[in-house]
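Please look through the sequence and the structure shown here, and keep both in view while reading the report that follows.

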Amino acid sequence: MDVNFSQDKDLAIDFLQNFADAKGEAKYMSILQDVANRKIKAIQIDIEDLFDYKDLDEEFVGRVTENTRRYVEIFADAIDELIPEPTEVLQDDDHDVLMTQRAEEGNENADGTDPRQRMPPEIKRLYEVYIRASSRGQPFTIREVRASNIGQLVKISGIVTRCSDVKPLMKVAVYTCEECGFEIYQEVTARVFMPLFKCPSKRCNVNRAQGNLILQLRASKFLKFQEAKLQELAEHVPKGHIPRTMTVHFRGELTRKVSPGDVVELSGIFLPIPYTGFRAMRAGLVADTYLEAMSISHFKKKYEEYELKGDEEEQIARLSEDGDIYNKLARSLAPEIFGHEDIKKALLLLLVGAPHRKLKDGMKIRGDLHICLMGDPGVAKSQLLKHIINVAPRGVYTTGKGSSGVGLTAAVQKDPVTNEMVLEGGALVLADMGICAIDEFDKMDESDRTAIHEVMEQQTVSIAKAGITTSLNARTAVLAAANPAWGRYDLRRTPAENINLPPALLSRFDLLWLILDKADMDNDLEMARHVVYVHQNRESPALGFSPLEASVLRAYISAARKLSPSVPRELEEYIATAYSSIRQEEAKSNSPHSYTTVRTLLSILRISAALARLRFSETVGQSDVDEALRLMQMSKFSLYSDDRQRSGLDAISDIYSILRDEAARSNKMDVSYSQALNRISRMGYTEAQLKECLEEYAALNVWQIHPNTFDIRFIDA
């Protein structure tokens, strides 16, 4: 097929000049103006725009996708001709000074015989051209990219497993000759090049002077270069195979866009690269392949990178005004899983987190919440973990037996490229600013579990191995799931024996949730119906509202995480009293259900701040503190209900004794309805049970009830 490249260049110029976007503005000319004003460096040409442009035939688009490397150069030549004059006053930098000097000296210094004395257009360019693949159509998996795709523009999805540092890559080497003083240019197209040693100019040839060439690094052109490894996603690997990897090269403005653990969709040119050096001797005629990246899109953006679009902002504003948003967001998490409403609320708060506090003297107080779900087999712990990892923009899922101490923190490995010892981050480091879910937490070896202690409180991983002494950031929220010591919770033994985790680790969890699987006729019937419905229809039964999608949840949480709520003065005493009363109750009991330490007080503050964030409030309210205390109490609810059964009290009598103790504690005869409801809900009772109790004891003339406010006044007998 005869291809006329100069004709294609004219087509490219026509397209760049005349293509208009949806608003009717010249899209690419405004980009070129920004480039001329040095606001941006990258020019992305969308294949979709080429499709939509009326004056281009489909053959031209086909040629661009099948011979992309050449057409990047053609578009760059077209842009050289079209680039407008800057409309703003620019400061002269080194590049400008060099270019004006070359322009002045160029005429007298070049004798025009040798092409290497002509200045390559590449050295004048202050921009990079990328051709972005169409967003329509499914991306390839790494397995589907074959030899027939070499040189073509392909779109691939995968997970980034490792990234090299960003290094400078030489694009144009510039030499000066010691004899004749000419500037010699050498374009570098591959990863390696052979430097010039002899001056090729006419003057040196005539004089028979073999001029010595000196490489001028200052005048040469370098590009930022980064290498990454892309691995197939687990769902694309055929059964019985191991995931394949591919090398990806990022240049210029695309560097530093990905980090290990990101799930990305890349478009780029699939190219071969011969082995160099000693590896070439071993490889023989075999060449390696790589992907020259042209565009990157992330499947899940980080919270900080979320830019809300107009309709999303409206939707979030509407949701934030909804009074019941806390319950709606919680019920939208894993709606296929029956019940567990309070656990879902806790997991929602884990996603939101509290603000990190940094004190003046450099001391840090963590804001991430840690939650441990401990329960009988078959209560959907692992499913909840998996779902949270899907919702969180950055999440890593590991299991207890499948992870060693170094696998969680960091391992020292030999870099295959440079042969140096490098640190390879483990699961907790990869989940930095995200969530690390650890399943089968109780089955981990004791020595491996100690690696988590530092991460959970100091939020760093300190290492002193193989001559590397350093500290890595691991600002991670840990979500662990475990079974009790004997597989199922044994009610005849104490909670401490059942939980079987060291107190040092337990105190680091903000909430330790005990989920007991008890036989209950009504509850079991409802659950069975729910499970059968999900099996039949592959969706959850109606919740009374449409559950929010993961993308909306992420957008809402990203907006909530921008706030940094503070605790007002008037709540200080309230929180302090609540904390001291929890400690007193624990001291009185023979077998305490939990270890309450000062970390518990910090947990109350963190959970309250997360609740305030959900309401988009700058200050923590008393309702937030009450809900935080209620969640802490509910996490052990299944144990309290057992204690009550043992003591033989029914719900009504128990509520009466709780209210009588409350009145005795405050030395008053009156108890307000809101106070009573707050107190009994912490103990796991409902408002209906409270009303039943009020009516029953009012009939017995034990107390009087206000007809409108339902406040209680004890009749002094």
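## A sheet of three strands

Three strands make up an open sheet in the order β22-β24-β23, and their pairing is antiparallel; two strands are said to pair if DSSP finds at least two bridges between them, while strands (E, at least two residues) and helices (H or I, at least four residues) are DSSP runs numbered from the N terminus. The edges of this sheet are formed by β22 (670-671) and β23 (703-705), each of which pairs on one side only. Between β23 and strand β24 (residues 712-714) there are three bridges in the antiparallel sense, and in one of the pairings Trp703 has Phe714 of β24 as its bridge partner. Helix α25 (residues 651-666) packs on the sheet and touches β22, β23 and β24, where contact means heavy atoms within 4.5 Å. The direction of α25 makes about 75° with that of β24; axes are lines fitted to C-alpha atoms, for helices over the stretch in contact, and angles run from 0 to 180 degrees between N-to-C directions.

This is a predicted model, in which local features need pLDDT of at least 70 and side-chain atom pairs count only at pLDDT 80 or more, whereas totals for chains, interfaces and linings use all residues. Residues are numbered from 1 along each chain as its sequence is written, and side-chain values use heavy atoms, with hydrogens and water left out.

Strands of a sheet pair through backbone hydrogen bonds, either parallel or antiparallel. An open sheet of five strands, with parallel pairing, has the order β14-β17-β20-β13-β21. Its edge strands, β14 (395-399) and β21 (511-515), each pair on one side only, and the twist from one strand to the next averages 15°.

Within this sheet, strand β17 (residues 435-439) runs parallel to strand β20 (residues 477-482), and four bridges join the two. Ala437 has Leu479 in β20 as its bridge partner.

## Two helices in contact

Helix α12 (residues 341-352) packs against helix α13 (residues 381-391) at an angle of about 35°, and their axes are 11 Å apart. The crossing of α12 and α13 is right-handed, a term used if the near helix is turned clockwise from the far one by less than a right angle, the anticlockwise case being left-handed. On the α12 side the contact is made by Ile343, Lys344, Leu347, Leu350 and Leu351, and on the α13 side by Leu384, Ile388 and Val391. These residues divide into seven nonpolar, no polar and one charged, where Ala, Val, Leu, Ile, Met, Phe, Trp, Tyr, Cys and Pro count as nonpolar, Asp, Glu, Lys and Arg as charged, and the others, Gly among them, as polar.

## Salt bridges

How many salt bridges does the count come to? The count comes to 26 salt bridges, each being a side-chain nitrogen of Lys or Arg within 4 Å of a carboxyl oxygen of Asp or Glu. One of them joins the side chains of Arg132 and Asp46 (2.8 Å, N to O); Arg132 lies in strand β2 (residues 128-132) and Asp46 in strand β1 (residues 42-46), so the pair ties together parts that are 86 residues apart in sequence. Arg132 is partly exposed, with a relative accessible area of 32%, whereas Asp46 is buried, at 15%; buried means under 20% relative accessible area, exposed over 50%, and partly exposed in between (1.4 Å probe, protein chains only).

Another salt bridge is formed by Arg366 and Asp510, whose closest N and O atoms are 3.2 Å apart. Arg366 lies in the loop between β12 (364-365) and β13 (371-375), and Asp510 in the loop between α18 (503-506) and β21, so the pair ties together parts that are 144 residues apart in sequence. Both Arg366 and Asp510 are buried. Elsewhere, salt bridges that share partners join Glu73, Asp77, Asp80, Glu122, Arg125 and Lys221 into one network.

## Positive phi angles

Arg256 is not a glycine, yet it has a positive phi of about 60°. Arg256 is found in the loop between β8 (245-251) and β9 (263-274), and it is exposed, with a relative accessible area of 60%. Glu440, which is likewise not a glycine, has a positive phi of about 50°. Glu440 lies in the loop between β17 and α16 (446-457), and it is partly exposed, with a relative accessible area of 29%.
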